[in-house]
Structures are given as structure tokens and as C-alpha cells.
There are 2 protein chains.
Amino acid sequence: MNGAHALISTLVANEVTACFANPGTSEMQFVAALDGVPAMRPVLCQFEGVATGAADGYGRIADKPACTLLHLGPGYGNGVANLHNARRAFTPIVNVIGDHATYHRQYDAPLNSDIATLVKPNSIWAKSADSPDAVAGLAAEAVAASFGPPGGPVSFILPADSAWLPAKGEPVIAQRPVRPAPAGEAVEAAARAIKAARKPVVLLGGQACRAEALKEAARLQAAGATVFTDTFVARQPRGAGGFAPKKMPYFGELALAELEGVDLMVFVGTTMPVAFFAYPDRPSVLVPEGCATLKLCERSEDAVAGLAALADALGAPKQGPVQALALPEAAPAGKLTAYAVGASIARHMPDHAIICDDAVTSGAGVAAGTAAARPHEVLALTGGAIGIGLPLAIGAAVAAPDRKVLSLNGDGAAMYTIQSLWTMARENLDVTVVVFANYTYRILNVEMDRTGAGQAGPSARKLLDLGDPNIDFVSVAKGLGLPAVRCESAEAFEKAFADAMAQRGPMFIEAAI
Amino acid sequence: MNGAHALISTLVANEVTACFANPGTSEMQFVAALDGVPAMRPVLCQFEGVATGAADGYGRIADKPACTLLHLGPGYGNGVANLHNARRAFTPIVNVIGDHATYHRQYDAPLNSDIATLVKPNSIWAKSADSPDAVAGLAAEAVAASFGPPGGPVSFILPADSAWLPAKGEPVIAQRPVRPAPAGEAVEAAARAIKAARKPVVLLGGQACRAEALKEAARLQAAGATVFTDTFVARQPRGAGGFAPKKMPYFGELALAELEGVDLMVFVGTTMPVAFFAYPDRPSVLVPEGCATLKLCERSEDAVAGLAALADALGAPKQGPVQALALPEAAPAGKLTAYAVGASIARHMPDHAIICDDAVTSGAGVAAGTAAARPHEVLALTGGAIGIGLPLAIGAAVAAPDRKVLSLNGDGAAMYTIQSLWTMARENLDVTVVVFANYTYRILNVEMDRTGAGQAGPSARKLLDLGDPNIDFVSVAKGLGLPAVRCESAEAFEKAFADAMAQRGPMFIEAAI
């Protein structure tokens, strides 16, 4: 057994069984060793940002890490943006980064770079296995570290000689860390403060937005608190049968308007809300003036236990409000808008679908339409780096092959990782892709105004507009192996989407809005 | 005038007049300010790796930096792989990286990350302009730093408030550094050693491979030394009318076979040659055993002066050998191969064309066919991070609008930055793109064998093979706005390529080899 084989064996022994890969020469031993461990599923991505985004989607749904296989510093670099998003989603990921043989590093060959520094900003653990016998132990340590809590991407650097030399064969099993319940004093303090407050808000983030936690949060709502979630949540159930908390609006001034009169904010699995960007003369912190703040539990703690204890301390009823099913009866008609798309999705999306949302300015329309749809889950853009909606869907579909996956994307966002479509075709994933084609970075037109930068002249417009030429997404998607259709009316979208839901396998819909 | 305006004014005052951009909200002030400085040409790229690769191509041809405009850490991250290549090409580039407002950084908003650490591995200079009045001075410092010598990418971090607040208006002019001539002792030592050697080799890299330097190097060849260049050179003239040195072979064992019996290697503008990758039981250093080595001049020094002085010291003739024009008379026929493509290129490529080479395993065939073609220049993949052939061509075409640009790409390489095609269409660049479609990472099949990793089984094959489905590149290219054609025979390629050379504007050819 060589080091590469030891690595894959240890990963599989620790339930890491999916590998999103874009290998090069320094990873050939890992690639060859895959045939000795068929429990590891290799998924080829023709760009590393697809691999890291897919690993994020996989980790959010499977609640365990996938691994990636990346080619030295530049390969990792291509994956940085989606690892930034994964870090902000607290998703466990084990990045395996091939490197030159240990003795070859000193010669600074063309692909050599300072990997250790490059990985730092987006790794919660990073080590290099500089001998083959270190591989198995460090791999187990990497898996354990990826769980945090609260979890995140780790970087396992694998020099080529550590991969090809003989290694100890016994896989090492890692202990998964446990999330501790928040301290009793934190629960009591929150209960006292909520009782004393005129208009208390509970703000949920991360694990506090999962199904079990939302059940307990609903009890707080029944007890008189208003429950919000962060604007962008890694994974959250929505639709019928669950609790539907409010969401913090994206724009700071809207958030503060929503929070007017609130005199207490209790944070659960999240931190103080802040504006996504700073703007001249607008606030950075989204807490009303004079409002007290308090933390019930850290991101690393057990949000379900914390919320349940708080609900009990408040004497809340055993069950809170539940969203009733309410589907649009009539098919949408006329001009195609994000709201029409949302209505069609609500009408046809099956139970337990997974929505990967990178729809930017079209997202609100879909969210409005699907709020009372069949139960589903939404994976949001946690780190603001657009280009994750397609890769996330790959990972979600690999993690949950029995669930329908929807990937909703702005056209600008889709272009970052358009290579994803090929992987969907190759793996025959049950993903329906929607690209909202408005041929502009619409959000930037809005932001240009908000930053006080003034009216866009010809030079500025060249950087905001995605037309001239308009991309023919159907042609691109077909070229990459997907069946594809363009819809220019609500009727056309309704039919295309219903058809997609009635079949299995990948489908691409260009929504001309 | 605000900080953004001051920045662009200073860049333009320092002859930085092209901006390859993928902006976001934090860059809106920069975008708006572009309208006040029309001398700066904004070029939108729908992915940051396109922007950084284009800046590399621009810098190699213009011999001055372009700037990029990137959106915080993730935007820079997407550009890392091609900045790695640019660092290895020693290309001056000024990366402008937007960041949160200085006072907003403390809140760790979703897009916040450790930019200073992320940029380190691929920046030869990096600073953040944390006040608007610091912008102009630091921008001038950034431009100067990008020239080195030997030059490379620099990172200028622009917080949003430094962009939107009022700033001093006077642009600051930077002093361009001068490359010193190598010391007289180095020249004398090299001359003595060459005279005493039985079989001396002179190895050129970087600036020593430019036109003026090659003229002097040809004199050394005439004086009895054998002249080689590095395997991958940032910019090198080839074809008729110039000197045609040998090239160090990619595979180490072939390089050492070429160098058999060599007892002296003199390095000019480069360092000791090493294997691109390490392999079990193969050497890392590509210098024959017992061969002496010597440095004539550093990468930072004036290679033309050094080579001329050495030629004089050796009493070399005033002119060395010159490549005669020799074009294939007959059009290639039959099966389409890289060699047939090379023959067609040689027959029809106009004078002073620029070849951007990311053709991987197809590169050798083209190089063989074009060695005696009309004078042209080749920009090679200096850092081993595939995915630069398309972006390089954008930058080269923007820098030299009167020259025909050819972009030659392996299919796997083209997919990394396929978004480039859209920018070529939008800017109507005079670029002919060739993608060699063999539906496999061919190089990895070769490397798998060389690393001793054994035969690829079903799992490994899944990571080496790019078929299932085969990408229809014509459909993808047309979708992104380019005229496109697929060629399955040498005759078809000959016609398509001749047509492309006879017109101006972008053209895409899928070469099914």
C-alpha cells in the first residue's frame, strides 16, 4: 500500500466517500489508488471552482465532508472563491492538494508556490503530510477538524512522494466532535431579557436554521418573540409543514425598518447582523439604536438544545406555528418574471426538493412564490461570491440522489462556473438548472445608485451590462451535454418546468426575464 | 475628485491604459470614475481568471502593466491561477482589489477575508490604500514595483471609502526601474569557461529570449556554443529572419539526453533547469553529471548587454545564424493531427502574428510545423496552470490590435476559462481560437505511466477522460457569440484556417484530432 492508497482508505473509513476532482500530474498516484478503493466515488470537474462548490453542496446535505482533489497552488487557487463561501457556510470539506515531492520543492519548478500561505484564509486546519507514514493519521485529523464545530474547509497537502512511497496500511478513525449545549446561565439570561423586553427578536443562523432547531424556534414565536434568520443561510427547510421565520432583508435600511422598535435581539448560532457592504452615510451594524443584544449560543454550540431550553424557560407551548400548504391554483401567464417562475416552481416542485440559490436579484421573486410550497430546503450563497449555484447543485445531487435538485442562477453568476453543466451531464444528476437571463449584472446597477457613484456613463455601462453579445445559454448548455430550452413567457416556463419535474436527469432552462 | 478618480488618473499618467475587470459593489466607485478618464479602456470579463490572464497577455506584448479590477478576496482568488502563471512570466500587472470600507472590515461581513495573506504568494508588492490621500502615491508605487526588475503582479487593495472620499487630485508619476548590465567579471568568467569547455551550452530565459537578445545569442552559437531556451518562455520570436535556438525538452530524461556530453552550462536570465515534476527514480536537476554551471546574468539584469559583451569577449562574428523562410508547399491532407494543424498555420499565418500556446500535448506538432514560418512570436504557459491560452489572447489582441493573434488550446485547458470567448466577441478582437479536441487530459495519460502509478482502472479513467459526453465546442462558442466551425480532416482545417487569416475579428475552430 502506498501513501495515496492509505489516504483514500482512511478517508473512506471516516465516511468520506465522494471526491470532486480536477487532478494533474502530481495527483496521479491518488487517481490510480482510487481503483483500489471503489467506495470512493470520483466526480470529475473541468474547473476547480466547480469541485469546491460541489463539495460545499455535498457537505451541507450529507452533514459530512466530501474531499476535493486539486492540483498544487494554482488548482487550489481556482477553488478559492467557493471555499470562501464554504467557510462562511461552515461546511466540512477536506481539500486534498497535491504538491511536488518533498525533495523537489527546493528547486522551485514552474508549478511551485507557497501553498501553506495560499490556503490560510479559507482553511480551519491545514497541514502537509511530508512522509508517507504521516498520511493516514493526518487524514483522520483533517476529517475531524473539518467538523469544527462549527466546521469548515480544511487543507490536506499531499506531496507526490508521500503518495507514491510505501505507507502503513491501517486506516485511522477520527472522533467526530460533539456540539456542547449552551450554558444554563446563557439560557436563563436570555429568558429573563425576553420576558422584560417590549419587542424581542430572536435571530437564528447556521445550525439554528435546521429543521429540528426551527421547531423549537417556532415555540419562541408562540411565546411572543419575533424570530428572524440571517439573510443567507447555508441550509434551511422552507414551505409547508415547518416554521417560517422572517428573514433579515439584504439592504441595511430595510433591515432596520423591519426592526423598528425592537429593544432586544438574541443571537442563536450567529453573530451581530451587519450590512453586506458599507455605503456612504449608511450604518454598518443592523441593530436599532438602544436595542440590547445577547447571545444564547455560539455557532459551535448545540442550537436545538439551546432553543428548547429557552422555550421551556419561557413556558412556551410545546408547538409553535406551522406553515400551511398553499399552491398557486392558476398557472402564471404573460410576461416571464421571477415571480412567475416562483409560481411555477411552487406548483410543480416535488416534496423534499433542494433549491440551490444563486439567483441574485431574481431570488426574491422565487422566495415569495415558494414560501408555502411543498416542503423543501434552500442552500443560499453564504459568502457573497457568486458562481456557486451550479456547483452546489452537483454536490447536493450526489449527496441525495433521491431528491430533485433545482439550481437557480443569475446569468452573470452562472457564467463563473458554467463548466458545471458538463459534470451534471456526465453524472446524469437529477438537477434542473434555471438561468435568469437579463443580460446585465442587475444588482450592480442597483448598487451603483446606492453607493452614490452617480449615473453610469459609457465606460461604466460596459462593466455592468452583459449584452453585446447576449449569451445564447441554450447553445452553451447543449454544447456541454444538457437538454436545454429557452422560455420567453410565463406559459412557456410553466410547461418546461413541469416537464422537468416529471422526469429524472439534468435539464437546463433559460428564463428570459 | 474622489479616491477612485485619483487612482485611475494616476494609472493613466503612468501609461496604464487597459483595465480587465470583473467588478462588484465595492468597486462601483472605480467603475463610475472610469467615465471621467476615457483614456482607460475597460474590458469586461465574466470570470476573474480571464481578467488576470488577459492582463498577463497584455503585459507580455505591451511591456507595461494593464490593471485588473477584482472583487475582494474571492474575486482575487478566481484570478490566482493565471497570476501564478504571470508571476512565472515576470509580467508586470497591477491588480486593483476592491475591499470593504476600512471601518467596515471589523464587522467581518460575508465577503470579508484576509486579502493581505491571500495575495502574498503571487504578488511582488502588495499594499492597501487605507486613506484616499494615500491612493495616488501608492498607485504610482505599485506601477513602479510591477516592473521589478524582473517584474511581476502587484496587489493594490482599494477600500471602498478610500475610493469614495475626496482625494488629492495630482497624479503621481513613477520612475521606471532600469535593468543593470551584468558585472564585467561575470562576462569574463563566462568567456573563460566557454573557451575552456569541450561542449558548452548557453541557456536563455525570460528577457534573454526577446528579439534583441536572440540576435546576440546567435553570435554565441556562431562562436561554438549551443544555445537553448527554457522549455516555457513568456515571449519569444520564432520563424524566419531570427535566430532559432534549441528548446529544453519538457521531459527530464529527454533533456538530459540532449545535454549528453555537455561540460558547461551558462545561464542567462534564468536559473538552473529542473524537472517540471518529480518522478520516482528520475532526476530533479537537468544538468548532466559533472557539468559545470555559471550565471552570466540574473533575471533582473540586462540580458542584451550581457550577451553582447560575452559575444564580443569570445570574438564572435557580428552576426549569427538566421532561420530561413520555409513554408510547406502542399496543403496537408487526410487525418487531422497537430502536425497537419502546424502545417496549415505555417502556410497562412501572417507576419508578426502572436501565438498564445496552451495546446499541451498538441503543442509540439504546431511548433514543428511553424519553426520556419513567417516571423511571429509565441507566448507560452510559464507556470503550468492550464487555462491561460484564451485569456492571454485577449490581452495580446488589446495590446496589439494590428497583429493577428492565434490562441491554441487543449480541450481540457480551454474549459478552465471558456468565458474568454464572450469577451473576444464583445471586443471584436482579431483572435483565431483553435481548440484541439481529443476528449481527454492526454498529458495525464502519459504522466500516469511516467509516475509509475500503473494502469488506469475504471475509477482512474473517470478522472482522465473528458468524453461521455463529448463537448460540442462549436455550440459552446456560438452560444458565447463567436462564429465557429468544427474540422475533422486536414483539408477542412486548412480551409477554415485560411479563411480565418483572410478576415479580421474573432473566429473559433474546433480541431477534432
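How many bridges join strand β8 of chain A to β10(A)? Two, and the strands run parallel.

## About the model

This is a predicted model, where local features need pLDDT of at least 70, side-chain atom pairs count only at pLDDT 80 or more, and totals for chains, interfaces and linings use all residues. Residues are numbered from 1 along each chain as its sequence is written, and chains are lettered from A and ligands numbered from 1 in the order in which they are written.

## The sheet in chain A

Let's start with the strands (helices, H or I of at least four residues, and strands, E of at least two, are DSSP runs numbered from the N terminus). Five of them make an open, parallel sheet in chain A, ordered β10-β8-β7-β11-β12; strands count as paired if DSSP finds at least two bridges between them. β10 (246–247) and β12 (292–297) of chain A each have a single partner strand, so one side of each has no neighbour in the sheet.

Strand β8 of chain A covers residues 226–229, and A:Thr229 sits opposite A:Lys247 in β10(A).

## Domains of chain A

Chain A splits into domain 1 (3–164), domain 2 (184–313) and domain 3 (338–512), with bounds from an automatic or database domain assignment. The C-alpha centres of domains 1 and 2 of chain A are 35 Å apart. Their contact takes seven residues from domain 1 of chain A and five residues from domain 2 of chain A (contact: C-beta atoms, placed from the backbone, within 7 Å).

## Chain A meets chain B

Between the chains, 87 residues of chain B and 88 residues of chain A take part in the contact.

Notes
Contact = placed C-beta atoms within 7 Å.
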